[in-house]
Amino acid sequence: MPIRVGATRSSRPATRREGVWAIASVRSWVVDATLLLATAIIAIVVGAGLFGMVPEPVFIAATIALATTAVGTVAMRLISRPDHIKALQSHQIVVIADRSLAYLRRGLYAETAQEVCRLALAESEAAAVAITDTETVLGFAGIGEDHHEVGGPILTKATREALETNEHRILGTKDEIGCPRRDCLLRAAIVVPLEVREKPVGTLKFYYTTARLLNETQIAMVSGLARLLSTQLELSELEHQTELACRMELKALQAQINPHFLFNTINTIAMMIRTDPGGARDLLREFAAFYRRMLEDNEGLVPLEREVEYALTYLRFEQARFGDRLRVVSDLDPEVLATHVPAFILQPIVENCVQHGVREEGPLTVSITAGRVDGDISVAISDDGVGISEEDLPRVLEVGFGTGLGIALGNVHDRLKGHFGPGSGLSVESEGGEGTVVTVTIASSPERVDR
């Protein structure tokens with residue numbers, strides 16, 4: 001039976017660890033005793049040479065051998081120091097985990113698992129590395145790659161046990177590995193579960209050609225790497241859930257466009273048919289295109305120019321309804337209009353301007369300005385309407401605040417920060433009775449390239 005090590009649920013982890021250290025200690029004593037015996041023999045020969053009891057060539061050779069042994073012993077002691085070993089082990093773990101992040105953030109799949117196996121093999125002393133999910137082998141690299149088939153079922157009994165108990169396994173014989181090929185060179189392995197929310201979702205397996213390499217250093221290295229890979233898988237799942245939530249919010253945001261806007265626009269077009277048939281026809285075409293785009297899949301990035309045009313189209317419908325009571329002004333720098341931004345970020349802002357800014361009497365002016373401010377891309381949408389009260393202003397970006405589903409501005413703010421990082425997002429300035437300015441900021445970054 002394979003031996004359990006390092007698992008919190010194991011009934012005897014300490015006993016196994018003491019056994020590993022005992023083996024390492026015995027090996028160390030054997031090496032020390034051998035070096036001491038060799039050094040003593042060489043020293044006797046050198047001493048005899050000093051008194052002329054051995055030929056001069058033998059004396060010179062023995063002296064050189066003694067000096068080499070001394071230097072080698074010191075070097076070996078420095079290399080085998082615990083802190084040196086731990087430093088090398090930590091470096092291996094960090095390098096593998098860092099390079100695997102680009103793959104595992106996409107999830108645990110055959111393609112990503114295979115790449116991680118290759119990375120781990122290149123940076124470790126293992127003869128082969130494998131990753132499984134709960135049923136199949138997702139990736140395998142190294143000795144035995146010709147017959148340890150990726151995509152096949154898990155053959156090793158200890159791997160299934162590791163998944164069932166969520167405990168580590170150490171395999172010290174070929175029979176425990178369970179490979180049906182007699183000529184397979186793999187003779188030992190370390191199996192560590194990969195976890196997501198404390199539940200095993202797969203395993204990380206390091207294979208070796210000899211059980212002599214099953215020492216505490218290797219066990220600690222594989223266990224540490226498995227913990228880091230598990231953390232990356234949890235982050236990947238969290239990112240996926242966050243992305244799904246954002247998609248759901250975006251769909252809800254698209255559906256939130258005020259139903260009254262739909263009916264009011266249709267009524268406006270119906271009235272225009274009598275007085276301006278040509279204008280009504282053009283407005284109806286624009287309206288159809290407007291709603292078609294709203295129902296499209298808008299999860300990717302789109303040019304800022306397209307977002308501005310979409311917002312201006314919305315305002316044209318409102319102008320048809322309000323007539324001279326709504327004026328629209330725009331000042332757009334062509335240099336920034338090619339910048340790609342998340343879809344559907346400006347229309348909710350201009351909709352708020354009209355819904356909450358229109359006065360009972362007098363016109364409302366909505367202004368859209370786009371350009372660069374201190375290197376950042378800035379789109380300012382302002383109105384001279386009724387403004388926002390002092391007590392409500394700090395809460396306008398909170399999800400759930402305001403009318404409708406209460407997600408519009410908060411959703412836009414979160415998506416901007418998610419795409420472009422710190423410094424990006426929305427800022428709102430307002431004064432009761434004077435108007436409101438909502439500024440969209442896309443922070444400049446060396447890593448961001450306009451596409």
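**Chatting about a sheet and some salt bridges**

User: Hey, which residue stands opposite Ala130 in strand 5?

Analyst: That's Lys205. Keep in mind that we're looking at a predicted model.

User: Okay. And how many bridges join strand 1 to strand 5?

Analyst: Five of them. Strand 1 covers residues 128-132 and strand 5 covers residues 199-208, and the two run antiparallel.

User: What's the strand order in the whole sheet?

Analyst: The sheet is open and has five strands, in the order 2-1-5-4-3, with antiparallel pairing.

User: So which strands sit at the edges?

Analyst: Strand 2 (137-142) and strand 3 (169-171), and each of those pairs on one side only.

User: How much are neighbouring strands turned against each other?

Analyst: On average by 15°, if you ignore direction.

User: Which helix packs on the sheet, and which strands does that helix touch?

Analyst: Helix 4, residues 110-122, packs there and touches strand 1, strand 2 and strand 5. The direction of helix 4 makes about 25° with that of strand 2.

User: New topic! How many salt bridges does the structure hold?

Analyst: Eight. As background, side chains of opposite charge can pair when their charged atoms come close.

User: Is Glu167 buried or exposed?

Analyst: Glu167 is buried, because its relative accessible area is 3%, and buried means under 20%. Arg169 is buried too, at 3%.

User: What about Asp183, which side chain does it meet in a salt bridge?

Analyst: The side chain of Arg181, at 3.1 Å from N to O. Arg181 counts as partly exposed, with 34% relative accessibility.

User: And which residue forms a salt bridge with Glu286?

Analyst: Arg316, and there the closest N and O atoms are 3.0 Å apart. This pair links distant parts of the chain, since Glu286 is in helix 9 (residues 277-294) and Arg316 is in helix 10 (residues 304-322), 30 residues apart.

User: Why do Glu286 and Arg316 count as partly exposed?

Analyst: Glu286 has 28% relative accessibility and Arg316 has 32%. Partly exposed is the range between the 20% limit for buried and the 50% limit for exposed, so both residues land there.

Key: Residues numbered from 1 in each chain as written. Predicted model: local features only at pLDDT ≥ 70, side-chain atom pairs only at ≥ 80, totals over all residues. Heavy atoms only, no water. Pairing = 2+ DSSP bridges. Helix = DSSP H or I, 4+ residues; strand = E, 2+ residues; numbered from the N terminus. Axes fitted to C-alpha atoms, helices over the stretch in contact; angles between N-to-C directions. Contact = heavy atoms within 4.5 Å. Salt bridge = Lys/Arg side-chain N within 4 Å of Asp/Glu carboxyl O. Buried < 20%, exposed > 50% of the residue type's maximum accessible area, 1.4 Å probe, protein only.
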